[in-house]
Amino acid sequence: MSKVALITGSSRGIGKQIAIKFAKEGYNIVLNYVNRSEEVDKTIEEIKSLGVEVLEAQGDVSNFEESETIVELAIEKFGQIDVLVNNAGITRDTLIMRMKPEDFSKVINVNLVGTFNITKNVVPYMMKKRQGRIINISSVVGISGNAGQCNYAASKAGIIGFTKSLAKELASRNILVNAVAPGFIETSMTDVLQESVKESIKKQIPLNRIGMPEDVANVVYFLASEESSYVTGQVLQVDGGMLM
Ligand code: NAP
């Protein structure tokens with residue numbers, strides 16, 4: 001029976017490439033997003049063309065009931081979830097002097113509470129199977145901090161603490177939990193930045209290029225594969241050496 005990967009926020013950007021990587025490796029995919037953009041149909045077609053099944057599970061991960069439904073739909077269709085990738089994330093960047101309370105809470109709710117909501121619903125199924133992989137998408141700014149991103153950096157630092165705690169809780173059930181911390185990756189999240197800002201970030205990257213979603217997807221897949229079966233509770237940076 002084919003394995004199943006649930007990837008939150010997989011309609012576009014990094015999540016889409018993670019879904020494509022797992023599909024190439026023969027996984028059936030649970031595709032999640034919140035707004036039905038034009039990208040969704042294209043992404044589904046691309047994944048299906050790789051010969052695997054796709055379940056479209058629209059829902060807001062920051063809402064516990066919707067998260068419960070996403071997981072229930074996945075179990076109804078495929079009977080199992082082998083890999084969970086908590087990737088859905090947003091930014092609301094601004095300096096604290098201008099940051100509204102809702103800018104702070106919205107980012108924490110989607111990025112951190114959303115990670116809890118989906119994980120909480122998936123873990124019982126993984127525990128029953130005594131097997132599973134959970135990969136949480138953090139960010140290098142969760143380690144380093146970044147001016148203008150106190151909401152986002154707090155959510156991503158929170159994901160690291162969440163990852164390490166769960167890794168300790170679930171190791172005895174053979175459920176491995178790790179985080180991936182991307183640096184600067186080319187997606188719509190970073191498209192909004194001015195060219196001059198992008199150039200100055202590039203100068204800080206020893207590998208001298210901006211990362212691609214595929215760079216992250218390959219590392220996420222490694223953390224789901226047999227090759228990483230002795231790795232848990234770790235934060236793997238995918239940042240071209242930007243933060244050492
Ligand atoms: P993106 O292109 O903006 O895509 C975000 C994805 O998350 C979309 O599929 C979006 O769906 C989904 N999403 C947003 N809010 C959601 C919610 N409440 N419930 C379910 N899905 C939701 O972002 P990205 O750059 O690929 O980022 C993916 C992850 O990598 C995020 O966690 C981000 O923080 C992290 N990251 C990115 C970078 C970077 O440089 N790009 C660096 C470090 C970490 P809709 O289309 O419905 O909005």
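**The parallel strands and the loops beside them**

Modeller: Four bridges link β1 to β2, and the two strands run in the parallel sense; strands count as paired if DSSP finds at least two bridges between them. The model is a predicted one, in which local features need pLDDT of at least 70 and side-chain atom pairs count only at pLDDT 80 or more, while totals for chains, interfaces and linings use all residues. Residues are numbered from 1 along each chain as its sequence is written, and side-chain values use heavy atoms, with hydrogens and water left out. Helices (H or I, at least four residues) and strands (E, at least two) are DSSP runs, numbered from the N terminus.

Within this pairing, alanine 5 stands opposite isoleucine 29 of β2. Strand β2 covers residues 28–33, and six of its six residues are buried; buried means under 20% relative accessible area, exposed means over 50%, and partly exposed lies in between (1.4 Å probe, protein chains only). In a regular strand the side chains alternate between the two faces of the sheet. In β2, Asn28, Val30 and Asn32 point one way, whereas Ile29, Leu31 and Tyr33 point the other way, and all are buried.

The loop that leads from β1 (4–7) to α1 (13–24) contains serine 10. Serine 10 counts as buried because its relative accessibility is 0%. Setting aside its neighbours within four places in sequence, serine 10 has contacts, that is, heavy atoms within 4.5 Å, with Gly15, Lys16, Ala19, Val30, Leu31, Asn32 and Thr43. Val30 and Asn32 point one way from β2 and Leu31 the other.

Strand β5 spans residues 132–137, and six of its six residues are buried. Gly132, Ile134 and Asn136 point one way from β5, and Arg133, Ile135 and Ile137 point the other, all of them buried.

Arginine 130 belongs to the loop between α4 (101–129) and β5. With a relative accessibility of 47%, arginine 130 counts as partly exposed. Most residues other than glycine have a negative phi, and most peptide bonds are trans. Arginine 130 has a positive phi of about 50° although it is not a glycine. Asparagine 208, in the loop between α8 (195–203) and α9 (213–224), is likewise not a glycine and has a positive phi of about 60°. Asparagine 208 is exposed, its relative accessible area being 52%.

Glycine 89 sits in the loop between β4 and α4 and is partly exposed, with a relative accessible area of 30%. Although glycine 89 and threonine 8 are 81 residues apart in sequence, their C-alpha atoms are 8.8 Å apart in space. Not counting residues up to four places away in sequence, glycine 89 touches Val110, Asn111 and Met189.

Aspartate 239 lies in the segment after β7 (235–238) and is buried, at 9% relative accessible area. Its C-alpha atom is separated by 7.6 Å from that of isoleucine 205, which is 34 residues away along the chain. Residues up to four places away in sequence again being left out, aspartate 239 touches Val140, Gly183 and Ile205.

As for the whole chain, the protein has nine helices and seven strands. Along the principal axes, the C-alpha atoms fill a box of roughly 50 × 40 × 35 Å. Buried residues make up 50% of the 244 residues. Among contacts with a separation of 6 or more, 73% are between residues 24 or more positions apart. The accessible surface (Shrake-Rupley method, 1.4 Å probe) comes to about 11800 Å², and 51% of it belongs to carbon and sulfur atoms.
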